[in-house]
Amino acid sequence: EVLNGNGRVGEATQLSSFLNRQLATVKHIDNARDFQYKYTKIVDWKGSYDNSLQLAKLISIDPQHIISYDRKSKPIDITIVLGHDWNPGLLELLNND
């Protein structure tokens, strides 16, 4: 799941498309409850910190912004909330590698 937490149109869709091409199936794209997220967050719902860390490295997110839970019944594994620190130009660089 990718949520827009910064209010900039299209960024969640761009990241979702990139992730779908790379390694993941993004099942849901939406706005976060508000657009006041200063930092991009990775919410690991299943307690799979190693997977979240790998994702953080892939999209250049500081690992201190990973929030990990152990909610095995949650229907999704990971939520990414794009914050104001998100650099959409990063995807262009990654796509060219």
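User: Which side chains does Asp 70 or Lys 72 meet in a salt bridge, and at what N to O distance?
Analyst: A salt bridge is a side-chain nitrogen of Lys or Arg within 4 Å of a carboxyl oxygen of Asp or Glu. This model is predicted. Here Asp 70 and Lys 72 meet through their side chains, and the N to O distance is 3.2 Å.

User: Is Asp 70 buried or exposed?
Analyst: The cut-off for exposed is over 50% relative accessible area. Asp 70 has 58% relative accessibility, so Asp 70 counts as exposed.

User: How many salt bridges does the structure hold?
Analyst: Another joins Glu 11 and Arg 8, with the closest N and O atoms 2.7 Å apart. The structure holds two.

User: Is Glu 11 buried or exposed?
Analyst: Buried means under 20% relative accessible area. Glu 11 has 6% relative accessibility, so Glu 11 counts as buried.

User: What is the relative accessible area of Arg 8?
Analyst: Arg 8 forms a salt bridge with Glu 11. Arg 8 is partly exposed, with a value of 28%.

User: What is the strand order of the open sheet?
Analyst: The sheet has five strands, and the pairing is mixed. Strand 2 (29–31) and strand 4 are the edge strands, as each pairs on one side only. Neighbouring strands are turned by 20° against each other on average, direction ignored. The order is 2-1-5-3-4.

User: Which residue of strand 4 stands opposite Asp 44?
Analyst: Strand 3 (residues 41–44) runs parallel to strand 4, and three bridges join them. Opposite Asp 44 stands Ser 68.

User: At about what angle does helix 1 run to strand 1?
Analyst: Helix 1 (residues 11–22) lies across strand 1 (2–4), strand 2 and strand 5 (78–82). The angle to strand 1 is about 160°.

User: Which strands does helix 2 lie across?
Analyst: Helix 2 spans 49–58. This helix runs at about 160° to strand 3. Helix 2 lies across strand 3, strand 4 and strand 5.

User: What is the phi of Ser 60?
Analyst: Ser 60 sits in the loop between helix 2 and strand 4 (66–68). Ser 60 is not a glycine, yet the phi is positive. The value is about 55°.

Notes
Residues are numbered from 1 along each chain as its sequence is written. This is a predicted model: local features need pLDDT of at least 70, side-chain atom pairs count only at pLDDT 80 or more; totals for chains, interfaces and linings use all residues. Side-chain values use heavy atoms; hydrogens and water are left out. Helices (H or I, at least four residues) and strands (E, at least two) are DSSP runs, numbered from the N terminus. Two strands pair if DSSP finds at least two bridges between them. Axes are lines fitted to C-alpha atoms, for helices over the stretch in contact, and angles run from 0 to 180 degrees between N-to-C directions. Contact means heavy atoms within 4.5 Å. Buried means under 20% relative accessible area, exposed over 50%, partly exposed in between (1.4 Å probe, protein chains only).
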